[in-house]
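Visitor: I am new to this structure and would like to know what the terms rest on. Please show it to me first.

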Amino acid sequence: MTFAITQARLRALLPAISLVAVLVPILCLQPATMSYFGSSLLLNLAVPIVLATLAQLAIITVNDLDLSIGPFVSLVACIGATLLVKQPWLGVLALVGCVLAYAAVGALIELRQIPSIVVTLGLAFVWSGLAIVLLPSPGGTSPEWLGTAMNYQTPWIAAPIVWSALIAVLGHLLLMRTSAGVRIRGAGGNPRAMRRFGWSLVRSKATLYGIAGLFGVLSGLSLLGLTTSADANLALRYTLLSIAAVILGGGEFAGGRVSVIGAVLGAITLTLAASFLAFLNISSDWQVGMQGAILIVVLSLRVMLQRGDHQ
Amino acid sequence: MGEIKNTPETEETGREALIRFHGIGKTFGRVRALTDINFSFLRGECVGIAGHNGAGKSTLMAVLAGVFEPTQGHIEVDGESLPGYDANAARHAGVRCVFQELSLCANLSIAENMCIVHPQLRGRGWRRRATALMREKLEEIFPGNGLSGNELVSDLTLTQRQMVEIARGFTITDTPVRLVILDEPTSSLDAHTAEQLLAFVRKAAQGGITCLLITHMLGEIQRVADRVMVMRDGSIVSVLARDNLSRKAIILAMGQHLEVDKASADQRARLQRADGPEYQWALGAGRRTKIDASRGEVIGFAGLAGQGQTEALLAIYEAATSRGAGRAKVAFVAGDRGRDGVFPVWSIAQNLDLRWLSGGMAEAGRAGAKRLPIRGLVDFAAARAVVEAWRVKIGIRGASMNAGILSLSGGNQQKVLFARALASDADLILMDDPTRGVDVGTKRDIYQLVRDEAAKGRTFIWYTTENEELTYCDRTYVFRSASVTRLLHADECTEEALLAASFEEHAA
């Protein structure tokens, strides 16, 4: 019995353990990364990835998958770099429209019972197309306030860490602790039961997709604030990165099992893994492949722990 | 009296009606699930509901719980007609439902599952309130359960889940609980917890909560019910009062007769033993378990559950499908149909002719078809003929054979699995407790099929946990700790002999 409990705990701790496993070698190789400036540089790009991961997590909660989050984040960055600078009102309107579109897609998927993968795969091309229409070649500028916000210097601890922690705690409270969050997760755990007790699955899905859209918009804006210019292909890799981060953080594709804090840790781990490989002087040709290898190792570890749990 | 009254009224019992059904009907597409139901659920009574699988019990309860809207008729609550009766209206009326296939969210904790049925649990401290409510009810119904309320449902055993589901049905936030539907509540409970539940149901009924108990365990109904509603083919066929309640009366009303004329033993005796046993196997560790069977024989596997009977069946299957001396044409009927039997997204027809495709199709082609089927391709015309023939034989009505298999009730799904095995060219049919969770009527059909097919020369090996079924077997091997302790012939296969052999420690 006690063994089973330690196994379950170990599984819950796995996101933190994998983060440490990546962090410790980095600190050994480059002790300077522990400093305020070093950590801020290292985790610079973590915030948009964390936000995109939470967008993906919202959708995985209801057993769906969003294959369009990368192009969507790129589109938001393009809107931010063009409309939001030239015609702020129109820009804000466009972003609000994006969030509403996401919510509408969620409702549609539930109403018509279409597989989310099909819908979001199609949407990925729509978002990419719109981004290219807005910004045919890389460029544009970030609104001034956005750059200021992203470069804001927090005291003591580097800003990306503070933001990530804040987002993690807030997300955890909303989705895991409130009764509304619990009901929304219930829609992923046993949709039939939820419908039986009179809850609207359409509303749950629309809410979660809307939340995903909101996090996607925040992700795109924060990315723009960091890069100061946009490109229609800016964040394409976020799609797979966000899925990997959710799974790394203890989420599962089916059954509504997700962990907000785990997913945030997973996103940070993946951000660090790239730097880790750079520190090891691994040529950039091999880095992507190595990142995949790390992912496979961590995920297999999780499966093994789960199997031990069932025995 | 003499005649059965379908709607005993207030003055007769001195209780008032809580919910009244007036001419309720429900159709799903072309299938009529309920027809013209008139019934009054009185305050503080316990109504037992009996009927075979597919009789409409679960549908009726789903209408009462507001899950399905009736296509005809109307529902009255406290004497007032409610037109848009849905899940929320049912909740306001104090109706709760404990579903057969549990309605807990496995990804949430026990306490978190509370807020799915109670919209009032919100705001500050909802979690604490939910935990307290749940623990109190669990302790009241199942004293000494040892659950804290913080466990994830996915970490619980099936029994514990059922306990949580039941306790949740009785918890109260703002609307009082006035009627609780218990759909097969004891199916996963052990004897001890089932006892606790039945005692609680009686107590709750005395306390003014109407309890509806749907179960195949007629003994449970007999013990706790004030009235028994018997359903057949989507309507209420009779309502039995407590005074003339007996197992026999309920079964009689269900329109089923337990007496199936046993296969004429001499007819089968002629088939067997003519030229020694057709099949012989040596199984288990050191190949010490010897089992033999002749053509046309029905062999039973008995003993306590999980004493290696299923493993023996699988070993026989392996021997029959591998190359070598013991090779035979074999088919397997799984007991756990959800896990091992049914292809959930396939149609009834596809589920039925699957085994036939890998043996039987070629024969059918040689025997009767005008043109020979091309090797490797499915002969659709012949497949349709096979499906139609077996549909008639196993008596599935109402549903189209192209509908999904899950549109059938559990008992009918099991019949399809039987037809799958029997439609093939197999001479040897292995059955792994195939009547688990199947109603009396379907069982009778299955016994009939086994008997008919055995008479045609097919051999059956039948593992069953119900000792009554062993009377249909010619010989019975009793298992204990993965080996055979006794071989009983049909005439010596009594309840006492079986029990004695089941608990025997050493092989005879």
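Guide: Two strands are said to pair if DSSP finds at least two bridges between them. Keep in mind that this is a predicted model.

Visitor: What makes strand S13 and strand S16 of chain B a pair?

Guide: Four bridges join S13 (residues 298–302) to S16 (residues 459–463) of chain B. The definition asks for at least two, so the two strands pair. They run parallel. One of the bridges can be named by its residues: B:Val298 has B:Phe460 in S16(B) as its bridge partner.

Visitor: Why is the sheet in chain B called mixed?

Guide: Strands of a sheet pair through backbone hydrogen bonds, either parallel or antiparallel. Six strands of chain B form an open sheet in the order S14-S15-S16-S13-S17-S18, and the pairing is mixed.

Visitor: What makes S14 and S18 of chain B edge strands?

Guide: Strand S14 (330–333) and strand S18 (483–489) of chain B each pair on one side only. Neighbouring strands of this sheet are turned by 20° against each other on average, direction ignored.

Visitor: Which helix lies across S14 and strand S15 of chain B?

Guide: Helix H17 (residues 410–422) of chain B does, running at about 175° to S14(B).

Visitor: How many residues does each chain give to the contact between A and B?

Guide: Chain A gives 16 residues and chain B gives 18 residues. On the side of chain A, helix H10 (179–189) and helix H11 (191–196) are the elements that give two or more residues. The largest share, seven residues, comes from H10(A).

Technical notes: Residues numbered from 1 in each chain as written. Chains lettered and ligands numbered in written order. Predicted model: local features only at pLDDT ≥ 70, side-chain atom pairs only at ≥ 80, totals over all residues. Axes fitted to C-alpha atoms, helices over the stretch in contact; angles between N-to-C directions. Contact = placed C-beta atoms within 7 Å.
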